[in-house]
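Me: I have a model open and would like to learn how to read a few of its features. Could you walk me through them?

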Amino acid sequence: MEGGTGRGLECQKTMDGKANNGNGSEKAIPSCCLKARASAPELDAKCHSTVVSGWFSESHSCSGKTSKKVYFNNPMWPGEAHTLEVKEILYKGKSEYQEVLVFESTSYGKVLVLDGIVQLTEKDECAYQEMIAHLPLCSIPSPKTVLVVGGGDGGVLREISRHSSVEHIDICEIDQMVIDVSKKFFPQLAVGFEDPRVRLHVGDAVDFLRSTPEGKYDAIIVDSSDPVGPAQELVEKPFFETIARALRPGGVLCNMAESMWLLTHLIQDMISICCETFKGSIRYAWASVPTYPSGVIGFVLCSTEGPPVEFLNPVNPIEKLEGATKHKRELKYYNSEVHSAAFALPTFLKKEVSLLQDQGR
Ligand code: SPD
């Protein structure tokens, strides 16, 4: 396995109220947080621009002169913000690509945040990682070669490892800091890297896929962050074309596809690109993840031309794979019933995303 920079992960704060982010660069602590520190030094462990009065919010910004200047305006979900109470900030750093934050919450365990957006919490990560891995892998018989794009926390690798038919797992993650932070703070996810079938590539997935031999993979799983910053290219047509090329005939893609409550236009765009690019089946499925905006997250599943793939009912049910439901730890969310149910779509979604109108059930 490649990887491991040996870079330290500690974040030290200096006397003048600046934070060393672990890369040697200093970052000013917002004035509202400084004010809180002055009146209650024990709050020091809760100081970050996304944390106000001990609560983390995906949309918090406190760059103003007083704590009153907090506002809620993430362009992807304007006008709303989910908040989590912070027990302690465990790590803050800045990689070449993004800001990385880890904190201990009072009700969801440890939380990984990239560029101010929750990527996972210890309590509900099972739902996302299990679904994004098993929806595709249980939809084809005996998957052998799998590629993960993103997924640097290792959770998706952990889930793929349950499939003993799989012989080779490539993972292409752009940000080494995400891998290092996960190994340090989320060992129950990073355990995925320990599987000897895993080969880690740290770099840009678009370049990686361009140099991938045609038809190499049975399944590709795109576990990206939201399409702002480093993941922007991952919702564009050229990216889907390189994925389709890298899949064997009848191979499958499962791509993180946002919340149906918040980003129907993006879902529509992704599905229409996939309809042009993939000549097999195209489906949308979803799962409940309480700490993602609106509490749900979706997945686009596609297959290339070749042996037909019927995603709705698993042809490779997890319950029939020896040891799979208990490998490393018990499955907590996914089962074959949940698999089929995940493709049932609310009426408003079928209406707004016209291409989903024919999604059977
Ligand atoms: N809105 C957040 C979407 C995050 C998707 N990626 C999560 C990474 C977990 N492996």
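Reply: Gladly, and keep in mind that this is a predicted model. Let's begin with burial: a residue is called buried when its relative accessible area is under 20%, and exposed when that area is over 50%.

Me: With that in mind, is Q176 buried or exposed?

Reply: Q176 has a relative accessible area of 9%, so Q176 is buried. You will find Q176 in helix α4, which covers residues 176-185.

Me: What does the side chain of Q176 contact?

Reply: For contacts like this, look for a pair of N or O atoms within 3.5 Å. Here the side chain of Q176 makes a polar contact with the side chain of D180, at 2.9 Å.

Me: Let's move to another residue. Is S105 buried or exposed?

Reply: The cut-off of 20% applies again. S105 is buried because its relative accessible area is 2%. S105 belongs to strand β7, residues 99-105.

Me: Which backbone atoms lie by the polar side-chain atom of S105?

Reply: Check both nitrogen and oxygen. The backbone nitrogen of Y108 lies 2.9 Å from a polar atom of the S105 side chain, and the backbone oxygen of G109 lies 2.6 Å from a polar atom of that side chain.

Me: Which residues surround the ligand?

Reply: A shell is read by listing the residues with a heavy atom within 4 Å. In this model, the ligand is surrounded by I117, V118, Q119, Y128, Q129, D153, D223, S224, D226 and Y292. By class, that shell has 4 nonpolar, 3 polar and 3 charged residues.

Me: Which side chains place a polar atom by a nitrogen atom of the ligand?

Reply: Among them are Q119, with a polar side-chain atom 3.5 Å from a ligand nitrogen, and Q129, where the distance is 3.1 Å. For D223, a polar side-chain atom lies 2.7 Å from a nitrogen atom of the ligand. As for cover, the ligand has 340 Å² of accessible area on its own, and the protein covers 98% of that area.

Key. Residues numbered from 1 in each chain as written. Predicted model: local features only at pLDDT ≥ 70, side-chain atom pairs only at ≥ 80, totals over all residues. Heavy atoms only, no water. Helix = DSSP H or I, 4+ residues; strand = E, 2+ residues; numbered from the N terminus. Buried < 20%, exposed > 50% of the residue type's maximum accessible area, 1.4 Å probe, protein only. Polar contact = N/O pair within 3.5 Å; in protein donor to acceptor, adjacent residues only side chain to side chain. Areas by Shrake-Rupley, 256 points an atom, 1.4 Å probe, with all protein chains shown as cover. Nonpolar A, V, L, I, M, F, W, Y, C, P; charged D, E, K, R; others polar.
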